Amino acid sequence: MSHALTAKLNPQQAAAVELPAEHALILAGAGSGKTSVLTTRIAWLLSTGQISPSGLLAVTFTNKSAKEMLSRITAMLPLNPRGLWVGTFHGLCNRMLRLHHRDAGLPEAFAILDQSEQLGAIKRVLKFLGLDDDKYPPRAVQNYINGHKENGRRAGDVDAFDDYSRQLRLAYEEYEKQCNREGVADFSELLLRCYELLSHKPEIRQHYQQRFAHVLVDEFQDTNRLQYAWLKLLAGNNSAIFAVGDDDQSIYAFRGANVGNMVDFQTDFAVKHVIRLEQNYRSHGNILDAANAVISHNTQRLGKELWTQASAGEPIRVFEGASDFEEAQFIVEEAQTLIRDGMASSEIAILYRSNAQSRIIEHALFSAGVPYRVYGGLRFFERQEIKHALAYLRLIANPSDDNAFLRVVNFPTRGIGLKSVEAIVDRARLEGCSLWQAACAGASGRGAAALAKFVHMIEAMRNQADGLAMTDIVTMMLDLSGLLTHYQNDKEGEERVANLEELINAAATFISEDENNLIAFLSHASLEAGDHQAGAHEDALQLMTVHAAKGLEFHAVFLSGLEEGLFPHENSANDRLGLEEERRLMYVAITRARQRLYLSLAQSRMLHGQTRYGVASRFLDEIPQELLKYLNRGYAPSSYSSAAYVPPVASPKKTTPEHGLSIGMKVEHPKFGIGIVTDHEGGATGNVQVNFAQFGSKWLAVAYAKLKPV
DNA sequence: TCAAAACTGATTTTT
DNA sequence: TCAGTTTTGA
């Protein structure tokens, strides 16, 4: 049996799959068959009878990979996926919290706040505390709260040393109180609550520790401190943790991921088995050589080098456009050629560092009539009309959900204006009750009748929902709330009506795969915001950020905007950790390509309404030149000297003929080397801004800088 | 209550 | 530049 499972694996992969029940770290390079190893390991453990399906827990970051894992396992073994504890960190924590909601101190129907709902809740807290929006931006407070939660700290555990930090802590404290009062949990709360549940309740902890003999973790390099601490609690003396990850693909430090967990894991658990998967099954040799060369410039590595049996393949093509427009033009024409030669459009990806870059490429694609698809837009459950509908459903499940109450109390408009709402808020605060309770107590003044009608309507929904099937609840809610009518009467509401109907479908399919349960449906809606865009699988060019491309692969990849300041991004290029993360991002980008890789850059680019003049990315220099083929002019890295580089016509207002410098001009500085003039102020006696290849952007005094045009 | 006007700020993002 | 938000005014 085991032989059949591992027959298709290479020796390292097979060794990983058949490791004894002890802690193990699998360093799996890009394209090395990581998911295969993880799922085959699970199948092997089950089919050799070492564990029963209930004895393992496998955790991932995204619903997509959780689903992928489940479907691969069930393809290998006849299993009921429902009984398996395979899911995302948040999904599994939610599952545990629902089972033990009493011990966790949560109401049975606790709602899950997504990012934007959390922000709304924080805004309310700040308003209540009378904290100034300018001094305490809600976004910053949100980061502050989530940051502390992700390090396992409650408001009471946070240090405050001055007035400002004391106010922040107060906001955190008040936010905690508000969430508890309303019976809601944000994303990081799911993890923290679950962590606290396991640490405070020994019986529960021991139950799960004994139950889960094998804990398997995917994308281990992306775990944050709290997730690691949770794993540590979950794994008892008899459990084995099987962690798979790639430190070179750690690109989420900015949102709390801690690569250090990989090193800590080895020491904390005295890991005996470290296996490297270095054989790559995805890319041609030149592409891998480029990736290896780039990543070797990082110092903080566990060490790994990809190799392949495939041939070197084609050289990596480099194109330098005079402008972002020209760059986009090139990409589109080249992609059309590939398609004409028989490559499927969906096998071609155009990647960029930041979303703002997609516009001009989209424009060029649109003009050329090439179908494309951009990842990263609004998702189904994030749409306005769906949010409204879900808010009604949440009031049915739990009327003290103030977020939901505020969202729909006057939507569709029913004459409960700002004043009436404020009166309810004041009253609730005074009585220490929920908005719903305050509303039930009735209002005085003009809004009273309208409010009574609203209360009556919600009560009717709650009464009718009892015992109904999920689809019928949704239909009834859409009818009673007037949401559907409202959008039907809106001349631009066609798509929204269609989406609401799609929500009914979602409820229907949900029933078939889970129990008929409003609470479960609402959790599902919060934890799985749905596909990134409609038409996900049509044959179209794929446009996305490098981050979004992680885990995907394509026949041909265009990596655009390889300029200093963009990639590496200027906000990250200044400290070493930031730069190393940018470099890992570059590594991820390169390793997406199977056969063909294009690297492109633009000498000038429109950014924030201004033309910026860039210098080639240092990452281009880090690729061995023999792997590259320059497609146009005599481009040479970080030096435009060999080419007839004609600076784009500078606007007359911005030229400074006195010293012969102009925007877009290439200059040399005795200390900083080669750079491009990007801005100036104050004429001949003033300053110029120069973007240097090695030292980044600097302001220099024209009179002293000794800038020589090159 | 709504629409126009003014203002702001701008990597990367899943759950 | 441009989209998203907040303020203003009818």
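1. At what angle do helix α12 and helix α13 pack, and how far apart are their axes? In this predicted model, α12 (residues 225-234) and α13 (residues 260-268) pack at an angle of about 20°, with axes 11 Å apart. That makes α12 roughly parallel to α13 (under 35 degrees counts as roughly parallel, over 145 as roughly antiparallel). Helices here are DSSP runs of H or I with at least four residues, numbered from the N terminus; axes are lines fitted to C-alpha atoms over the stretch in contact, and angles run from 0 to 180 degrees between N-to-C directions.

2. The crossing of α12 past α13 is right-handed (the near helix is turned clockwise from the far one by less than a right angle). Arg225, Tyr228 and Lys232 of α12 meet Asn261, Asp264, Phe265 and Asp268 of α13, contact being heavy atoms within 4.5 Å. These residues comprise 2 nonpolar, 1 polar and 4 charged (Ala, Val, Leu, Ile, Met, Phe, Trp, Tyr, Cys and Pro count as nonpolar, Asp, Glu, Lys and Arg as charged, and the others, Gly among them, as polar).

3. Helix α21 (residues 448-465) and helix α22 (residues 470-481) have axes that come within 10 Å and cross at roughly 160°. That makes α21 roughly antiparallel to α22. The contact involves Met457, Ala460, Met461, Gln464 and Ala465 of α21 and Ile473, Met476, Met477, Leu480 and Ser481 of α22. By class, the residues of this contact are 8 nonpolar, 2 polar and no charged.

4. Around DNA strand B there are 26 residues, of which Asn63, Arg353, Asn355, Thr545 and Ser572 come nearest (a residue is near a strand if one of its heavy atoms lies within 4 Å of it). Of the atoms of DNA strand B within 4 Å of the protein, 50% belong to sugar or phosphate and the rest to bases.

5. An N or O atom in the side chain of Thr545 is 2.8 Å from a phosphate oxygen of DNA strand B.

6. DNA strand C is surrounded by Arg359, Met606, His608 and Gly609. A polar side-chain atom of Arg359 lies 3.2 Å from a phosphate oxygen of DNA strand C.

7. Residues are numbered from 1 along each chain as its sequence is written, chains are lettered from A and ligands numbered from 1 in the order in which they are written, and side-chain values use heavy atoms, with hydrogens and water left out. In this predicted model, local features need pLDDT of at least 70 and side-chain atom pairs count only at pLDDT 80 or more, whereas totals for chains, interfaces and linings use all residues.

Technical notes:
Helices (H or I, at least four residues) and strands (E, at least two) are DSSP runs, numbered from the N terminus. Angles under 35 degrees count as roughly parallel, over 145 as roughly antiparallel, 65 to 115 as roughly perpendicular and the rest as oblique. A polar contact is a pair of N or O atoms within 3.5 Å; within protein, one must be able to donate a hydrogen and the other to accept it, and residues adjacent in sequence count only if both atoms are side-chain atoms.
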